[in-house]
Amino acid sequence: MTKEKLHKEPKTKEKDLTPIIEIKDLHKTFGKDNAVLKGVNLTLNKGEDLVVLGRSGSGKSVTIKCIVGLIEPDQGEIKVFNENVLNISKSELNEIRVRVGFLFQSGALYDSMSVRENLAFTLTKHKRDLSADEIEKEVMEALENVGLAEAVDKMPSELSGGMRKRIGLARTLILKPEIILYDEPTTGLDTITSREISELILDIKHKQKTSSIIITHDMACAKLTADRIIVLKEGVIHAEGTYEELEKDEDEWVRSFFE
Amino acid sequence: MILSLKNIFTEIGETALFAKKFFKEVFIPPYETKEFLKQCYIIGYKSLPLVAITGFIMGLVLTLQSRPTLVKFGAESWLPGMVALSLIREIAPVITALICAGKISSGIGAELGSMKVTEQIDAMEVSAVNPYNYLVVTRVLACTLMVPILVFFADAIGIIGGYVGINIHGDVNFYRFLTQIIQSLEFLDLFPATIKTFFFGFVIGMIGCYKGFTASNGTESVGQAANSAVVTASLSIFIIDMVAVQITDLFF
């Protein structure tokens, strides 16, 4: 499927409203009085790309870090694949983590390992019975998916910002997750590379049938990828709708994101 | 003053909790054998030249400094035994551990600290790989096993340094020099000195890992992690040494 065709297709042909992530009344306070989340309610449906907008410090990253158990919320409920991740054992949480990919803002590649080792690392930890040939095949397949097969022997320090994000995405994809959480995937990149990353997100959604939560400040990325957008303000959901709906929202503050 | 004391005790408590996790994780599979061997190579093999040079200088200097006093009392023949005893019981373990605190603990602190601030440890965690098991257990185990070996190595090289030192002013046969050393050593000279080196190694690895794992607030904290790892590990070595000597004195 070409990128041009992808953009012209409706983003979701038939909406499957099976929720795969449900967040209810999520609260998180750092220190004594730095309340970041003050009752966030959020649902991600199967096959959906949900974009989260909001000013810096509004709790977007904290929300998705709570989903994968990197930050423990003070109060609330987070259900992923119908399991409350706050009340399950570490091993059960790890089973869910394998099904939920996370792309960090910086890519978070392991500096001491080559691109090949970065990708093989996660794979070998979860599929210990794979042969060296099978690992190599999966690594190359993941790299081809992000269009960077030629970078397999490079070290992270030799990669550009956009390449690091792509390799980070390939590392996330190698476990074939059903949900991908993107933490500002286009931040710090030029317009062309940002667009390439946004197209890649869309491409992955169609190829691998993933659902995603995308945190971004990049409205071009939001326009291209979002099936639905929510806007966080001061730790709560302030507005929700499609790109077109929110672009014409009555609230001037919401509209200011789209100008 | 009270706040500063409180911070010190909080830090000790948190380090103890961090270390407690090691004893739980070390027995839980998967065992990261490949990473453990890699760390043994980095910590053990790559420290050999530094330990060898300092070990040789320790033996040589100790011999040259002690010789005039022993000559005054006509006890020059005791020199090999005295040098070997000083090296094996105290000087080689402590100096080698201090060198390792400077080289290894700071290295681990900086490495893990930079992994922490660039979200590499979080990336490991979200991909369902236990970062404590992969990063901490392997490094602490490698330190605990490699530091005693490095100390043995420093002992041996220090004794050779002592032999060179004695031969600067006289002519002593190496076989005779070695016989004198063996005659003056007892099992109890070796045993407590060896046991304490395992504790030195454990503390060097654990403090480096703790400081790295708890680094926050960007790249500045990486330097702080490395720096405070050296200071804390060095201080801990002296405290462990003092306790070990007191216990040895009590029981042997």
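In chain A, six strands make up an open sheet in the order β6-β7-β8-β3-β9-β10, with mixed pairing. Strands here are DSSP runs of E of at least two residues, helices are runs of H or I of at least four, and both are numbered from the N terminus; two strands pair if DSSP finds at least two bridges between them. The whole thing is a predicted model, in which local features need pLDDT of at least 70, side-chain atom pairs count only at pLDDT 80 or more, and totals for chains, interfaces and linings use all residues. Residues are numbered from 1 along each chain as its sequence is written, while chains are lettered from A and ligands numbered from 1 in the order in which they are written.

At the edges of this sheet sit β6 (100–103) and β10 (236–241) of chain A, each pairing on one side only. From one strand to the next the twist averages 20°. Axes are lines fitted to C-alpha atoms, for helices over the stretch in contact, and angles run from 0 to 180 degrees between N-to-C directions. Helix α6 (residues 161–173) of chain A packs on the sheet, where it touches β6 and β7 (179–183) of chain A, and its direction makes about 170° with that of β6(A). Contact means that the C-beta atoms of two residues, placed from the backbone, lie within 7 Å. Elsewhere in the sheet, strands β3 (residues 49–54) and β9 (residues 228–233) of chain A run parallel and are joined by five bridges. Leu53(A) has Val231(A) of β9(A) opposite it.

Chain A has another open sheet, this one of four strands in the order β2-β1-β4-β5 with antiparallel pairing. Its edges are β2 (34–45) and β5 (83–84) of chain A; each has a single partner strand, so one side of each is left without a neighbour in the sheet. Helix α2 (residues 60–67) of chain A packs on this sheet and touches β1, β2 and β4 of chain A, with its direction at about 120° to that of β1(A).

Nine bridges tie β1(A) to β2(A), and the two run antiparallel. Five bridges link β1(A) to strand β4 (residues 75–80) of chain A, again antiparallel. Ile21(A) stands opposite Leu44(A) in β2(A) and opposite Val80(A) in β4(A). Lys24(A), for its part, has Glu77(A) as its bridge partner in β4(A). Asp25(A) is also found in β1 (residues 19–30) of chain A, and its phi is near 50°, a positive value in a residue other than glycine. The hairpin of β1(A) and β2(A) has three residues between the strands, and there Gly31(A) takes a positive phi near 65°.

Taken as a whole, chain A has ten helices and ten strands. Its C-alpha trace spans about 55 × 45 × 35 Å along the principal axes. The radius of gyration, taken over C-alpha atoms, can be set against a globule rule of 2.2 Å times the number of residues to the power 0.38. For 259 residues a compact globule would come out near 18 Å, and chain A agrees, at 18 Å. UniProt, in an unreviewed entry, places the feature "domain: ABC transporter" at residues 21–259 of chain A; UniProt annotations may be inferred rather than shown by experiment. In the model that span is 38% helix and 26% strand, and its end C-alpha atoms lie 30 Å apart.

Confidence is given as pLDDT, the predictor's score for each residue from 0 to 100. The mean for chain A is 89, and 94% of its residues reach 70 or more. Helix α1 (residues 3–8) of chain A comes out lowest, at a mean of 41, and strand β8 (residues 211–215) of chain A highest, at 96. Over residues 1–13 of chain A, pLDDT stays under 50, and the model has eleven contacts beyond four places in sequence for this stretch. Where pLDDT is low, the predicted coordinates should not be read in detail.

As for the partner chain, 15 residues of chain A are in contact with ten residues of chain B. On the chain A side, α3 (90–99) and α4 (115–126) each supply at least two of the residues that touch chain B.

In chain B, the peptide bond from Pro29(B) to Pro30(B) is cis, with omega near 5°. Pro30(B) lies in the loop between α1 (2–25) and α2 (33–43) of chain B.
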